[in-house]
Amino acid sequence: MKYIKILFVLVACVFASCSFPVHKYELRTNCSEDASRIFKLVEQDLTLNDFKIVESDPASGFLKAVFTNEGNPLASADFLGITKAAGISVEIEISWIINYRNGKISAMCHFIRYKKALGEKNVSKEIYCDDDISTKYSWYWDVRNKLASLCGGNIQIVEIENGK
């Protein structure tokens, strides 16, 4: 019986250390529109979706916005798809990072879901959004479609390698 317990602990440790690859996607497009106008209109869509603008600098071509339900676990519960279990809470963080340089836009939408239990916070889901995401997620589609409308409609989804 002692060896079965040890074997169980070893198997559990192996499974706990396994991770699935996270595919990173970036939206890219060429754009002749003024950076100030793009950032202003994209920021409007982001704030309508309850994002906080963390940094916006059209001169350097950088915009970062973040949504989190920290402190408000019921925020946007419809897209979490999770019910709170006893002793487990769920937090999410969604970020948009947009770069605009030399007439080229690259934008990345990153979604992380954390589960907190027994005082520990662990990532339970991490995705980089692309056009396969459900149309019910307006926080993705509003920004993606705004960029497409401002820049002539041609958005390319590019999978990028880690570290690049």
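**Figure 1. Overall fold of the protein chain, with four helices and seven strands.** The model shown is predicted. The chain has 164 residues, 35% of which count as buried. Among contacts with a separation of 6 or more, 55% are between residues 24 or more positions apart. The accessible surface is about 10,400 Å², and carbon and sulfur atoms contribute 53% of that surface.

**Figure 2. The stacked aromatic pair of Phe111 and Trp139.** Five aromatic pairs are found in the whole structure. In the pair of Phe111 and Trp139, the ring centres are 6.1 Å apart and the planes make an angle of 15°. Because Phe111 belongs to strand β5 (residues 104–117) and Trp139 to helix α4, this pair ties together parts that are 28 residues apart in sequence. Phe111 and Trp139 are both buried.

**Figure 3. The edge-to-face pair of Tyr140 and Trp141.** The centre-to-centre distance is 5.1 Å, with 90° between the planes. Tyr140 and Trp141 are each buried. Ring pairs also bring in Trp96, giving a cluster of Trp96, Tyr140 and Trp141.

**Figure 4. Asp130, a buried residue that has no salt bridge.** Asp130 sits in the loop that runs between β6 (120–128) and α4 (138–150). The nearest side chain of opposite charge is that of Arg144, 9.4 Å away, whereas a salt bridge requires a distance within 4 Å. Leaving aside residues up to four places away in sequence, Asp130 touches Tyr25, Tyr140 and Ile157. Of these, Tyr140 is also part of the cluster with Trp96 and Trp141.

Notes: Residues numbered from 1 in each chain as written. Predicted model: local features only at pLDDT ≥ 70, side-chain atom pairs only at ≥ 80, totals over all residues. Heavy atoms only, no water. Helix = DSSP H or I, 4+ residues; strand = E, 2+ residues; numbered from the N terminus. Buried < 20%, exposed > 50% of the residue type's maximum accessible area, 1.4 Å probe, protein only. Lys, Arg positive; Asp, Glu negative; His and termini not counted. Contact = heavy atoms within 4.5 Å. Areas by Shrake-Rupley, 256 points an atom, 1.4 Å probe, with all protein chains shown as cover. Phe/Tyr/Trp six-rings, centres within 6.5 Å; stacked < 30°, edge-to-face > 60°.
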